[in-house]
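Hi,

Here is the structure I said I'd pass on. Have a look, and my notes on the core and the aromatic rings follow below.

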Amino acid sequence: MTGEDILLMKEYLTANCLQYDDAIHVRVAERKAGKQFSLEEHIAALVYAQLTNQTKWSRIVPHLAEIDELFFYYDPQEIKKYPGSYFADGIFALKCGNISTKAQMNSLHKNIATMESITNEYGSMDVFVTSVSPLRMVEMLSSGKSKYKMAMLGEALAWEYIRNAGIDGCKPDTHLRRFLGNERMGTTSGTTATVNETVEQIEALSAETGLPLSSIDNIIWSYCADGYGEVCTATPHCEKCVVRAKCKNNTGGLFNNDILRKVCVDCDMDPTKIGQYILKKLGL
């Protein structure tokens, strides 16, 4: 995987209007320009991160303005006046809930209290999140051994939270880890890249291209995600892939184990039909 591959993917997404136009790169630029993020903005960053849990973000985007209103524009004093069920019910009414929404919202008061405690210790949430490296901050926010642990916030969602607060980084979610595993475009030891392997590869691509980590993340995520690029999905559409020649399989990127299994089922395990399908895909 090289910087040239990333730029080809970006070109494909842009030409086909398939890249998710997220606000993270804007927040990263704002922070680099000296912006200080308020407590309200940190609460919003946390809520947005939790809304991404095990769901398609394309479901959430059309309702962001309504979600902001539901949470009283993240005023902590207003939020404290209402139980977690109020916010969970509101999210589900917007059809933006996920399997963890109820538990997330029941933990909202606790997480705000943690943020307020951090503010008392560090002076602000902004000082806190920039006090160590992003990787270390994710560990502090997600580890059960940390006194700064946020409830219902694992490693991937902790990355999403700090990125929402303008910290440049990548979120090593399912899409990125699968894409950068050794059966697709990565150089890892396993089919799915570890969190550290994902971060290391994104950092290398950022250094090569000059693009922020968050931009590299966005390109790969958009290339893989349902509702956006839908190229390198769980069952990939390799015929659309502009970097398939680099894919780690024996057929130039047109087939992998997932696709071959599906082809075998669709062709009723008939060797002749399977052969004809493969020849057609290879243009022979």
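Leaving out residues up to four places away in sequence, Phe71 touches Val47, Ile79, Phe87, Ile91, Met105 and Leu108, where a contact means heavy atoms within 4.5 Å. This is a predicted model, so to speak of local features we need pLDDT of at least 70, side-chain atom pairs count only at pLDDT 80 or more, and totals for chains, interfaces and linings use all residues. Residues are numbered from 1 along each chain as its sequence is written, and side-chain values use heavy atoms, with hydrogens and water left out.

Phe71 is also among the residues with the most contacts inside the largest nonpolar core, along with Tyr161, Ile220 and Tyr223; that core has 72 residues. (A nonpolar core is a set of buried Ala, Val, Leu, Ile, Met, Phe, Trp, Tyr and Cys residues joined through side-chain atoms within 4.5 Å; buried means under 20% relative accessible area, exposed over 50%, partly exposed in between, with a 1.4 Å probe and protein chains only.)

Now the rings. There are 15 aromatic pairs, counting Phe, Tyr and Trp (its six-membered ring) with centres within 6.5 Å; planes under 30 degrees apart are stacked, over 60 edge-to-face, the rest tilted. Tyr48 and Tyr74 are edge-to-face, because their centres are 6.3 Å apart and their planes at 80°. Tyr48 is buried at 12% relative accessible area, and Tyr74 is buried too, at 4%. Tyr82 and Phe87 are also edge-to-face, at 6.5 Å and 75°. Here Tyr82 is partly exposed at 29%, while Phe87 is buried at 0%.

Cheers
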